[in-house]
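Here is a short briefing to read alongside your model. Take a look at the structure first, then follow the notes below.

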Amino acid sequence: MKKSAAVLLGCVLVAGCGSGSTTEPGGKVVVNVNGQPPQTQAFDRKVFDEDVAEFEKQNPDIDLVPHEGFMDPKTFSAKLAGGQLEDVFYVYFTDPAALIARKQAADLTGYVKDVPHYGDLKQELKDVFTADGKVYGLPTANYTMGLLYSRANFTKAGLDPNSPPKTWDEVRAAAKKLKDAGVTGFAEYSKSNQGGWHFTTWMKSVGGDIARKDGDTYKADFNNDKGREVLRRLKEMRWDDNSMGEKQLLEIGDVQNMMGAGQLGMYLAAPDNVAAIVNQFKGKYEDYGLAAIPEQKGTLLGGEGYMINPKASPEKIKAGLKWIQWKYLNPDRLEQNLQRYKDRGQPVGLPIPPIADIWTGEPRKKQEELKGKYATMPVQNFQAYVDGSEKTKGTLEPPQAQQVYAILDAVVQATLTNKDADHAVLLKDAETKVNAVLAQVK
């Protein structure tokens, strides 16, 4: 993939990345895109660069200029104001609402009707990029939280690994059997903002939430029966049953290590945790299972997508949308991608890219068939999660999520380290602090 020196120099020195002229001298539409993986991620970088070259070959009127990196909220506004923001830029699901409110993303409403398969995307994912009936971006991947468990330890404890727990009562019962079999039954995070993150997941699973919209502002929404239920269940497993073990103040690396070492039965996780355990802690795909979130009254939804610079010309918008759809939202390329992953020794079978869980209808059916055809792991181990995700409504993180999570960390820590912790006091104190944070949301 060759770029003219004039194009690259123009992006860096003259016009910025997203506000330069629409075309270069040859008549091509020049589109700056980010999301290019760093050199240290050799496989992902190679795939990205190959895709850029193939896309340009199929679309000789478009010249893509890739940039490493993703969305950084701390520098985004300055890049946009300074003309350094790419034409097509990556966002997490927590970003679009604020960008739309500040008019920092292009209105794509008149363009998405021409995007192939847009109607087959899950509506709740499209809603992340929609406000007042207008569309401002496209979702390209998502995750929801589920229950990750050790099939090997389930068998050891006399539990059926093909029938994972469906309710929190069943989780508690399984955790006790796992403890009796000599492993930690259930583990939970409680520091580095991860305790608050998982408390949010628990709340959604029982039909609650962390914050609610109250007019033009947000209010804390966990100092209630749902919040007390979550803490009660944690207390029962930690103190009444001792199925969570003595060691607490855990975070994600600790828990993944426990699972990889065969010392843990269950914890809440997204599908990418399975790959992390296998790659970093020498686990085996066949030893793990992934089920839907217990209760299935709700779950935490996260993901990513792309938006377009509000200063982009119509030509750049059309070209940018063509790239996003072709690379990330293209059922017609799915088999080619799966073959490429399998041929190069990459895992295939988990509900993570290149098998993003974003489709409905025929694309979803086609994806599931191809996943089974090219799988390098027992996909049935994760089918309960896939089936559950279709039935469970996912909702986004609260506003000012990391600040909120830091406050809620203390609630989870106290519950897991102090047998006599007063849950009512913990929730009331956290409610006051979280309301102060939510009052800053504009």
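The expected span of a helix is 1.5 Å times one less than its number of residues, and helices (H or I, at least four residues) and strands (E, at least two) are DSSP runs, numbered from the N terminus. This is a predicted model, where local features need pLDDT of at least 70, side-chain atom pairs count only at pLDDT 80 or more, and totals for chains, interfaces and linings use all residues. Residues are numbered from 1 along each chain as its sequence is written, and side-chain values use heavy atoms, leaving out hydrogens and water.

**Helix 7**
- Helix 7 has 13 residues (168-180) and should span 18 Å; its end C-alpha atoms lie 19 Å apart, which agrees.
- Trp168, Val171, Ala174, Ala175 and Leu178 are its buried residues (buried means under 20% relative accessible area, exposed over 50%, partly exposed in between, with a 1.4 Å probe and protein chains only).
- Just after helix 7, Gly182 takes a positive phi of about 100°.

- An open sheet of 4 strands runs in the order 8-11-7-12, with mixed pairing (two strands pair if DSSP finds at least two bridges between them).
- Strand 8 and strand 12 (288-291) stand at the edges, each with a single partner strand, so one side of each has no neighbour in the sheet.
- Strands 8 and 11 pair in the parallel sense over 2 bridges, and Phe186 has Met266 in strand 11 as its bridge partner.
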